[in-house]
Amino acid sequence: MSESERKKSIQSIKGTKDILPDEVWMWQKLEEIAGNLFERYGYRQIRTPVFEATELFEKGTGETSDIVTKEMYSFRDKGGRDITLRPEYTPSVVRSIIEHRLHLRTPPLRFYYFGPMFRYDKPQKGRYRQFHQIDVEVFNEKDAAIDAELVEMAQQLLIRLGVKDIHILVNSVGCTACRPSYHQHLRKSADQARENLCKDCRRKIDTNPLRLFDCKEESCRKISEGFPLITDHLCQECRDHFLAFCAYLDELSISYLVESRLVRGLDYYTKTTFEFTSGALGAQDAILGGGRYDDMMKQFGGPDICGTGFAVGIERLLSAASLEENKREWLYIATLGAEARIMGMKLARELRAEGWECLIEYRERSLNKQLGRAHKLGAGRVVLIGDEEVRSGRVQLKNMSSGQQTDVSVLGLAEALNVSD
Ligand code: AMP
């Protein structure tokens, strides 16, 4: 196909990516490492639908968040329902707990999840419109120790995946008791600088002043350095929680930096927030983010149960990770002629039942050409079957690295394969 013809054919949607067969092993390995780790901490996997009622995210993620105001993939389905492809996971888990009354079951309420998320953001390296997250959530655990354990588990995950140069930023964003008065201080200060702030920040003064710290404009960032900090305005309960969280991190010998301007992009956080960055990534260096959300369940009409958790972007994680592909040993079965093919098919069925990975290619090729294919594809050993083998009930077993070829009876093949030569 010529380049111009290729361009005319249907392409993937901007901001989405195919995960091709030679990359899939990394995704599988990552999920295996992460799942094993989380299960050791008492987490269990949960899976919820990719789309939900739009209202869920408006209520949960927050009506003033960038995600809800600018980035949702929302549509009306044929039944007239307002639907959104989930931009994040937490509201879905909260909905699921309420719907299935999971909080009435035996605790702990600790869940993890892997899956795609959708945000209509500007695509660039490390930022996609369909991307994938590992998500971890804990419910009904108030103590700051669980926030610290989550940070520890997240750190362990990155270490196990070989991510280098990890920085942990922590903060407290207060609660409904202390945030309103802090907002007043912040609004007052931002109002004085209103004329020099960008249009977006001017809007945030009225809608969600905490988000002023999120602005990417250099001039706004400079101005926000002079704004009052939430950590100086926490109520006693939030201050105690934050001090306890930091003390647990110290006890666990986890290095972190208190970043009082860390607000994160979601509206629902209360008390603890944290973010992990990696120097191994480029401009999009935020690899993992999380925090506490004590009011969401109640706001959704569920029980008054607190929540805390984190989300990691899998694409960013993989680009910073250093993973090694497991070596796989597999067999190529080369056959010549119709009867040999049938014998090969039957043999392959038996070997596969024993756990062997076997490949037969159903094309008319000489045995030599098939050996060439086996070499090119990286088979460890080749089973050769021609007319003579059909007659004698024996096959030739060729070791592709040593070149050694042995004559083996069909009945003894499984045993011969288990002897690595
Ligand atoms: P958030 O849900 O916004 O707290 O993001 C949690 C993590 O998801 C981030 O630290 C990133 O690793 C990842 N992430 C968020 N948005 C994107 C995106 N558009 N493309 C790729 N990864 C993303």
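**Exercise 1. Describe how helix 2 and helix 6 pack against each other in this predicted model.**

Solution. Begin with the handedness: where helix 2 passes helix 6, the crossing is right-handed. Next take the axes, since two packed helices are described by the angle between their axes and the distance between the axes. For helix 2 (residues 21-40) and helix 6 (residues 144-160), the axes come within 10 Å and their crossing angle is roughly 150 degrees. Angles over 145 degrees count as roughly antiparallel, and therefore helix 2 and helix 6 are roughly antiparallel to each other. Now look for the residues that touch: helix 2 contributes Ile-33, Ala-34, Leu-37, Phe-38 and Arg-40, while helix 6 contributes Met-153, Gln-156, Leu-157 and Arg-160. Sorted by class, this contact of helix 2 with helix 6 holds six nonpolar, one polar and two charged residues.

**Exercise 2. Work out the relation of helix 6 to helix 10, and name the residues that form their contact.**

Solution. The axes of helix 6 and helix 10 (residues 236-251) come within 8 Å, and they cross at roughly 45 degrees. That angle makes helix 6 oblique to helix 10. The crossing of these two helices, helix 6 and helix 10, is right-handed. On the side of helix 6 the contact is made by Ala-144, Ala-145, Asp-147, Ala-148 and Val-151, and on the side of helix 10 by His-241, Ala-244, Phe-245, Tyr-248 and Leu-249. When the residues of this contact between helix 6 and helix 10 are sorted, eight are nonpolar, one is polar and one is charged.

**Exercise 3. Repeat the analysis for helix 7 and helix 8.**

Solution. The axes of helix 7 and helix 8 (residues 199-207) come within 9 Å and cross at roughly 150 degrees. Helix 7 and helix 8 are therefore roughly antiparallel to each other, and helix 7 passes helix 8 in a left-handed crossing. In the contact, Arg-187, Ala-190 and Asp-191 of helix 7 meet Ile-205, Asp-206 and Thr-207 of helix 8. By class, the contact of helix 7 with helix 8 is made up of two nonpolar, one polar and three charged residues.

**Exercise 4. Find the backbone features at Pro-108 and at Asn-140, and place each residue in the chain.**

Solution. Pro-107 and Pro-108 are joined by a cis peptide bond, with omega at about 5 degrees, and Pro-108 is found in the loop between helix 5 (90-100) and strand 5 (109-118). Asn-140 is not a glycine, and yet its phi is positive, at about 65 degrees. The place of Asn-140 is the loop between strand 6 (130-139) and helix 6.

**Exercise 5. Describe the second largest pocket and its lining.**

Solution. Start with the volume, which is about 430 Å³ for the second largest pocket. This pocket is lined by 26 residues, of which Arg-179, Asn-208, Asp-267, Tyr-268 and Tyr-269 are the closest to its centre. Then ask which elements take part: helix 3 (54-60), helix 7 (179-192) and helix 11 (296-299) are those that give two or more residues to the lining. Finally, the classes in the lining of the second largest pocket are nine nonpolar, nine polar and eight charged residues.

Key: Residues are numbered from 1 along each chain as its sequence is written. This is a predicted model: local features need pLDDT of at least 70, side-chain atom pairs count only at pLDDT 80 or more; totals for chains, interfaces and linings use all residues. Side-chain values use heavy atoms; hydrogens and water are left out. On a 1 Å grid over the protein atoms alone, a cavity is a set of points where a 1.4 Å probe fits but cannot get out, and a pocket is an open set with protein on both sides within 12 Å along at least five of seven lines; lining residues have an atom within 4 Å of a point. Grid points are joined across faces, edges and corners, and a volume is the space filled by probe spheres set on the points. Helices (H or I, at least four residues) and strands (E, at least two) are DSSP runs, numbered from the N terminus. Ala, Val, Leu, Ile, Met, Phe, Trp, Tyr, Cys and Pro count as nonpolar, Asp, Glu, Lys and Arg as charged, and the others, Gly among them, as polar. Axes are lines fitted to C-alpha atoms, for helices over the stretch in contact, and angles run from 0 to 180 degrees between N-to-C directions. Angles under 35 degrees count as roughly parallel, over 145 as roughly antiparallel, 65 to 115 as roughly perpendicular and the rest as oblique. A crossing is left-handed if the near helix is turned anticlockwise from the far one by less than a right angle, and right-handed if clockwise. Contact means heavy atoms within 4.5 Å.
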